[in-house]
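Trainee: Hi! Could you walk me through this one? I'm new to reading structures.

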Amino acid sequence: MKAKLLTTLWLCCTVVIYASIAQTTIFKVQSGRVDFKSEAPLELIKASSNQLVGLLDTKSKNFAFKIYMKSFDGFNGATQKEHYNENYIESDKFPEASYQGKLIDEIDFTKEGTYTVRTKGRLLIHGVEQERIIKSELTVTKDKMLLKSNFMVLLSDFNIPIPKVVSMKLANEIDVQLVATLVPR
Amino acid sequence: MSFAVTKMVQAQEVDLFAELEKESKKADSLRTEKVEATFKSTRLINGHTNETTRKGILDFRIQHRFGFISNGAYDLFGLDQASMRMSFDYGITDGIMVGVGRSTFEKQYDAFTKVRLLRQSKGLKAFPISVTYMGSMMYRTIKPPPTTYKRYWSDDMFFAHQLIIARKFSDALSLQIVPTVVHFNNVPLKTDKNDQLSLGIGGRQKISKRVSINAEYYYQLEQRVGYYNSFAIGFDIETGGHVFQLHFTNSTGMTERSFIHETTGDFFGKGNIHFGFNFQRAFTLKKSKGSRSGYKVS
């Protein structure tokens with residue numbers, strides 16, 4: 001009797017495991033773009049990259065995004081870009097920035113519509129990790145999702161000092177905008 | 001057993017970042033990336049580096065050398081005298097630059113072209129070194145001493161060719177070797193060759209994010225009597241986009257023919273050392289619409 005019960009249990013488990021694997025709940029970034037902007041009294045610096053990659057699991061509500069720092073382009077000239085890579089972001093040492101965590105708010109992914117969600121996760125830039133809650137806007141349509149987010153990054157939080165000579169040209173508050181289209185993997 | 005199930009589901013959740021790593025690995029491996037900023041400036045100290053001025057940037061430079069420190073207190077350790085070269089450099093493309101200059105040393109004009117031939121890169125199509133060609137011509141206009149033979153204006157022309165082979169070994173350390181030939185249209189002695197060969201070695205070691213120690217030595221394959229090999233050591237200090245260079249050198253002139261082959265100062269023996277600096281100011285003449293990103297996925 002006991003053995004029979006165990007077998008049934010085992011079977012149930014197997015079914016559950018298979019079900020969780022078979023049902024793909026993971027979405028991946030099809031195309032994504034990140035823009036950042038520094039608005040200092042004497043200079044406006046803008047750069048962007050379309051190399052955003054990421055995954056979002058609608059079931060566990062976990063996500064992970066990352067971007068290759070050297071892919072940022074724009075700036076006010078090539079020299080500035082070189083300084084961004086060499087002196088500030090140090091992209092040879094810290095090639096990627098990432099954000100991974102969990103959606104806090106409940107979302108019905110089966111229903112189309114636009115949702116405002118809070119995400120909680122670890123933001124990693126310049127080798128420094130910070131616990132953040134970032135608000136995002138998620139638009140669910142039939143076969144894809146559109147993710148929009150706008151948040152601030154303080155250079156001082158990520159161990160990126162601003163030399164005195166450029167203090168009027170580089171802001172400590174960097175405005176980051178993220179747009180991504182997610183499709184089932 | 002149900003515990004095991006939750007464990008497994010959890011494991012699947014946690015793996016998301018690893019999954020992402022796996023996914024992007026392929027794109028990462030296809031990336032080729034140019035190595036940027038082997039040196040901070042287009043000049044190491046007296047000589048060129050493999051770097052060129054970026055496209056559309058006009059670079060105004062003043063290179064300044066005081067007199068010999070060994071002149072002593074009477075000359076305030078050389079501060080009473082000055083040798084100066086000022087120049088305008090311009091980047092035609094990101095790989096080609098031209099420049100004109102004028103030195104107080106022998107009232108000399110010069111012009112040069114620098115072309116990037118190969119670039120160090122890493123990733124899919126990795127390449128270990130950067131190679132840049134530098135060609136220059138110099139025209140000396142100082143009134144010549146009386147000669148027993150008829151002089152032509154072309155006697156005051158000089159030409160130099162350099163192949164600058166550089167490698168950025170790490171974030172902090174870059175080295176270069178510079179095979180050089182300088183052509184003298186007219187040489188003072190019959191035994192002097194018109195084409196003179198030399199080999200330059202130089203490098204930089206960063207000591208902080210914005211300061212590096214530089215050194216440069218040019219070895220003449222056939223040293224002429226009364227002249228020394230050029231040696232220089234100094235600092236690069238980056239101050240918000242501009243590079244300020246401070247150094248000590250035994251060379252008075254600042255063009256290839258004068259500092260490589262006509263250095264009269266004895267650095268180590270007599271302490272004939274100039275204190276000097278290079279000052280630079282860049283002007284953006286042509287705004288590039290979004291700089292090229294230096295990497296591509298093929």
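Mentor: Happy to; we'll look at chain A and then at parts of chain B. Keep in mind that this is a predicted model.

Trainee: Okay, how many helices and strands are there in chain A?

Mentor: Chain A has 2 helices and 10 strands. Going along the sequence, their order is α-β-β-β-β-β-α-β-β-β-β-β.

Trainee: And what share of chain A is buried?

Mentor: Of the 185 residues in chain A, 27% are buried.

Trainee: Where does A:Phe75 sit?

Mentor: You'll find A:Phe75 in the loop between strand 5 (73–74) and helix 2 (78–88) of chain A.

Trainee: Why does A:Phe75 count as partly exposed?

Mentor: Because A:Phe75 has 19 C-beta neighbours inside 10 Å, and a residue needs 20 or more to be called buried, or 12 or fewer to be called exposed.

Trainee: Got it. What is phi for A:His126?

Mentor: A:His126 has a positive phi near 55°, and this residue is not glycine either. Its place is the loop between strand 7 (113–125) and strand 8 (128–140) of chain A. With 19 other C-beta atoms within 10 Å, A:His126 is partly exposed.

Trainee: Let's switch to chain B. What is the kink in helix 2 like?

Mentor: Helix 2 of chain B has a kink of about 30°, centred on B:Glu23.

Trainee: How far apart are the end C-alpha atoms of that helix, and why would you expect that span?

Mentor: They are 20 Å apart. Helix 2 of chain B has 14 residues (residues 16–29), so at 1.5 Å a residue it should span 20 Å, and the two values agree.

Trainee: Nice. Now strands: which way do strand 2 and strand 14 of chain B run, parallel or antiparallel?

Mentor: Antiparallel: strand 2 (residues 57–68) and strand 14 (residues 274–284) of chain B are joined by 10 bridges. If you want a spot to look at, B:Asp59 is opposite B:Ala282 in strand 14.

Trainee: How many bridges join strand 2 to strand 3 in chain B?

Mentor: There are 9 bridges between strand 2 and strand 3 (residues 82–91) of chain B, and these strands also run antiparallel. In strand 3, B:Met86 is the bridge partner of B:Ile62.

Methods. Residues are numbered from 1 along each chain as its sequence is written. Chains are lettered from A and ligands numbered from 1 in the order in which they are written. This is a predicted model: local features need pLDDT of at least 70, side-chain atom pairs count only at pLDDT 80 or more; totals for chains, interfaces and linings use all residues. Helices (H or I, at least four residues) and strands (E, at least two) are DSSP runs, numbered from the N terminus. The expected span of a helix is 1.5 Å times one less than its number of residues. The bend at a residue is the angle between axes fitted to the seven residues ending there and the seven starting there. Two strands pair if DSSP finds at least two bridges between them.
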